[in-house]
Amino acid sequence: MNKDVITLLHGAGGSYMYSLIKEIFYQLNDGFGEINLGMLDDGSIVNDIVLTTDSFIVRPIFFKGGDIGRLSVTGTVNDIAMMGGDPVALSLGVIIEEGFKKEDLEKIVKSIKDTSIEAGVHIITGDTKVMERGSIDKIVINTSGIGFRSRQLDHNIETLRKTREPLRWLVPLNLRPGDKIIVTGSIGDHAIAILSSREGIGFQANIVSDAAPLNKLMNDIMEIGGIADAKDPTRGGLADLLNDWSEKSKLGIYLKEENIPVRDEVRSAVEFMGMDIMELGNEGKAVIAVSPEFEKDVLNELWSNPLGKDAAVIGEVTKDVEGVVMETVIGGKRYIGRPLGDPVPRIC
């Protein structure tokens, strides 16, 4: 691979994208903000305002269970929510290829509106550009979002003070040995839904994307307390997310494979395609690190919500291992490294 050019892997999460950010973009960090660019989190925080931005290049733009419009709202809303912010407003930047059908654009805008209402956020500004036919693949959407500190986060941080000295937001530095790792539902749904919607893919899966805004769910569990950190396992999946937590907290994470929820259809598709379920992207799931004394109450709250009904404890934070280690279903141990990138390109 030519190291002097950008490849698809550089935008697919995982070690290639992480290296690109550290090598080129990290120089932009000047330390401004309570949570700043140098912390490489889902967003940054200035004066208790969370700001995040994301661009969406999914192919196909309409897929089982959603479309690029729904993704553009849920992705940004969830980035704010995972830091403990309460998302309020989004900007909308749209770059359209010449010749794009107005009918399809209307469908996408309606999806953006419907998902914004579902999440309780507002589209307050935007920008539109059109590029020559063939310059881009149909449509690219950028959404930036702002959110504010909520009373639920304040309550949650106070509950953490009984066992640690946490930062004021949900970040990996809050993790401590013994914290339970919870995933809010089955993994891999979004990536497999995208693959099964693409032309030329030799399988059909009866699965739909899990794309959904998780901000209200996050507020509900922060109301209970004990949440040290949360993150949605998008590009790079569980493997990338948990390695990020381990590296930043300087603690190990021990998983049990048998506890990780995976739909039968997804498992079959993964085996058919020869992929690693741990590296597949999701758009409507969260991974949560919970102080052990709050584990049962947080699980009960998740199970009472349709977006968390399949939640499960999949492991815990520990000093006994380095990095991320998984106990397999056959009783062995498997080291889970940071992936090169998501094995399914252009899923968001």
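**Salt bridges and a pocket**

Modeller: Happy to! Asp137 is partly exposed, with a relative accessible area of 29%. Keep in mind that this is a predicted model.

Colleague: What does the side chain of Asp137 meet in a salt bridge?

Modeller: The side chain of Lys138, with 3.5 Å from N to O. Lys138 is partly exposed as well, and its relative accessible area is 40%.

Colleague: How many salt bridges does a search of the whole structure find?

Modeller: The search turns up 23 salt bridges. Another one pairs Arg263 with Asp189, at 2.9 Å from N to O.

Colleague: Where do Arg263 and Asp189 lie?

Modeller: Arg263 lies in the loop between strand E10 (252-256) and helix H8 (264-273), while Asp189 is in helix H5 (residues 189-197), so this pair ties together parts that are 74 residues apart in sequence.

Colleague: And is Asp189 buried or exposed?

Modeller: Asp189 is buried, with a relative accessible area of 2%.

Colleague: Nice. What about Asp240, which side chain does that one meet in a salt bridge?

Modeller: Asp240 meets Arg338, at 2.8 Å from N to O. Asp240 lies in helix H7 and Arg338 in the segment after strand E14 (333-335), so the two tie together parts that are 98 residues apart in sequence.

Colleague: Are Asp240 and Arg338 buried or exposed?

Modeller: Asp240 is buried, with a relative accessible area of 13%, and Arg338 is buried too, at 17%. The cut-off for buried is under 20%, so both values qualify.

Colleague: Which residues are joined with Asp240 into one network?

Modeller: Asp244, Glu247, Lys248 and Arg338 are in that network with Asp240, joined by salt bridges that share partners.

Colleague: Changing topic: what volume does the largest pocket have?

Modeller: About 1,500 Å³. There are 49 residues lining the largest pocket, and Met17, Ile21, Thr53, Asp54 and Arg235 lie nearest its centre.

Colleague: Which helices and strands supply at least two residues of that lining?

Modeller: Helix H1 (14-23), strand E2 (49-56), helix H2 (68-82) and helix H7 (237-249) each do. The largest share comes from E2, with 6 residues.

Colleague: Last one: how do the residues of the lining divide into nonpolar, polar and charged?

Modeller: For the largest pocket, 20 of the lining residues are nonpolar, 15 are polar and 14 are charged.

Key:
Residues numbered from 1 in each chain as written. Predicted model: local features only at pLDDT ≥ 70, side-chain atom pairs only at ≥ 80, totals over all residues. Heavy atoms only, no water. 1 Å grid on protein atoms, 1.4 Å probe; cavity = no way out; pocket = protein on both sides within 12 Å on 5 of 7 lines; lining within 4 Å. Points joined across faces, edges and corners; volume = space filled by probe spheres on them. Helix = DSSP H or I, 4+ residues; strand = E, 2+ residues; numbered from the N terminus. Nonpolar A, V, L, I, M, F, W, Y, C, P; charged D, E, K, R; others polar. Salt bridge = Lys/Arg side-chain N within 4 Å of Asp/Glu carboxyl O. Buried < 20%, exposed > 50% of the residue type's maximum accessible area, 1.4 Å probe, protein only.
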